[in-house]
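Visitor: I have a model open and some questions about it. Can we go through it together?

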Amino acid sequence: MSCPLCDRSKNTAEGKYPYLIHEFKHSYLYLGEHQYYQGYCVLVTKDHYREMTDVPSPKREELFQEMMRSHEIIQKVFQPKKMNMCSLGNVVDHVHWHFFPRYESDPNFKNPPWLQMQHFDSAKVSPEKRDELIGMLKNAFSSK
């Protein structure tokens with residue numbers, strides 16, 4: 001059975017996935033393919049783990065630091081009111097985190113972002129906008 005996030009990691013390593021923002025030691029930070037919430041990103045572990053408890057220590061702690069660094073950069077660039085972060089794995093059982101910057105102007109700000117899923121496809125990012133947002137985030141990584 002193929003894992004879509006393992007495939008994405010393989011394509012990234014081969015330079016075939018254009019949404020890469022930053023490569024960490026144990027993970028990749030990607031711009032989300034939709035931008036219903038501007039700045040939406042996904043952090044994906046390079047190796048396949050079904051649960052965080054499957055990740056050996058000290059790699060687990062290092063992944064946590066990569067997650068925190070990703071949060072800091074997204075926060076710095078987009079300055080949302082709140083950052084929703086989640087790792088579910090019900091659809092794809094490969095450890096990954098979603099970062100949803102939330103703004104007061106969001107539709108239904110107090111609701112979880114998943115309640116707006118039906119709108120995500122309508123917010124697919126163009127190649128030009130993708131490159132602009134990735135550039136902003138990459139610059140923030142290199143400036144600190």
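This is a predicted model: local features need pLDDT of at least 70, side-chain atom pairs count only at pLDDT 80 or more; totals for chains, interfaces and linings use all residues.

Visitor: How far is the sulfur of Cys41 from the closest cysteine sulfur?
Guide: The distance is 13 Å, and the closest cysteine sulfur is in Cys86, which is too far for a bond. A disulfide is counted when a pair of cysteine sulfur atoms lies within 2.5 Å.

Visitor: Is Cys41 buried or exposed?
Guide: Cys41 is buried, at 0% relative accessibility. Buried means under 20% relative accessible area, exposed means over 50%, and partly exposed is in between, using a 1.4 Å probe and protein chains only.

Visitor: And Cys86, buried or exposed?
Guide: Cys86 also counts as buried, at 15% relative accessibility.

Visitor: Step back a bit. How many helices and strands does the protein have?
Guide: Three helices and five strands. Helices (H or I, at least four residues) and strands (E, at least two) are DSSP runs, numbered from the N terminus. From that end the elements run α-β-β-β-α-β-β-α.

Visitor: What order do the strands take in the sheet?
Guide: The open sheet of five strands has the order β1-β2-β3-β5-β4, with antiparallel pairing. β1 (20–23) and β4 stand at the edges with a single partner strand each, so one side of each has no neighbour in the sheet. Neighbouring strands are turned by 20° against each other on average, direction ignored. Two strands pair if DSSP finds at least two bridges between them.

Visitor: Which strands does β5 pair with, and over how many bridges?
Guide: β3 (residues 41–45) pairs with β5 in the antiparallel sense over four bridges. β4 (residues 82–86) is joined to β5 by five bridges, also antiparallel. As for individual partners in β5, Val44 is bridged to His96 and Met83 to Pro101.

Visitor: How many residues of β5 are buried?
Guide: Seven of the seven, so β5 is largely enclosed by the rest of the structure.

Visitor: Which way do the β5 residues point?
Guide: His96, His98, Phe100 and Arg102 point one way, while Trp97, Phe99 and Pro101 point the other way.

Visitor: What about β2, how many bridges does it make with β3?
Guide: β2 (residues 27–31) pairs with β3 over five bridges, in the antiparallel sense. Leu29 has Leu43 as its bridge partner in β3.

Visitor: What does Tyr30 touch?
Guide: Leaving out residues up to four places away in sequence, the residues that Tyr30 touches include Arg8, Ser9, Thr12, Cys41, Val42 and Val44. A contact means heavy atoms within 4.5 Å.

Visitor: Which strands does helix α1 lie across?
Guide: α1 (residues 4–13) lies across β1, β2, β3 and β5, at about 90° to β2. α3 lies across β1, β2 and β3, at about 25° to β1. The axes are lines fitted to C-alpha atoms, for helices over the stretch in contact, and angles run from 0 to 180 degrees between N-to-C directions.

Visitor: Change of topic. Where does Gln116 lie, and is it buried or exposed?
Guide: Gln116 lies in the loop between β5 (96–102) and α3 (127–142). Gln116 is buried, with a relative accessible area of 7%. Not counting residues up to four places away in sequence, Gln116 touches Tyr36, Tyr37, Pro107 and Asn108.

Visitor: Last one, on the whole protein. What is its radius of gyration?
Guide: The protein has 15 Å, which agrees with the value near 15 Å for a compact globule of 144 residues. The radius is taken over C-alpha atoms, and the globule rule is 2.2 Å times the number of residues to the power 0.38. Of the 144 residues, 43% count as buried.

Note on methods: Residues are numbered from 1 along each chain as its sequence is written. Side-chain values use heavy atoms; hydrogens and water are left out.
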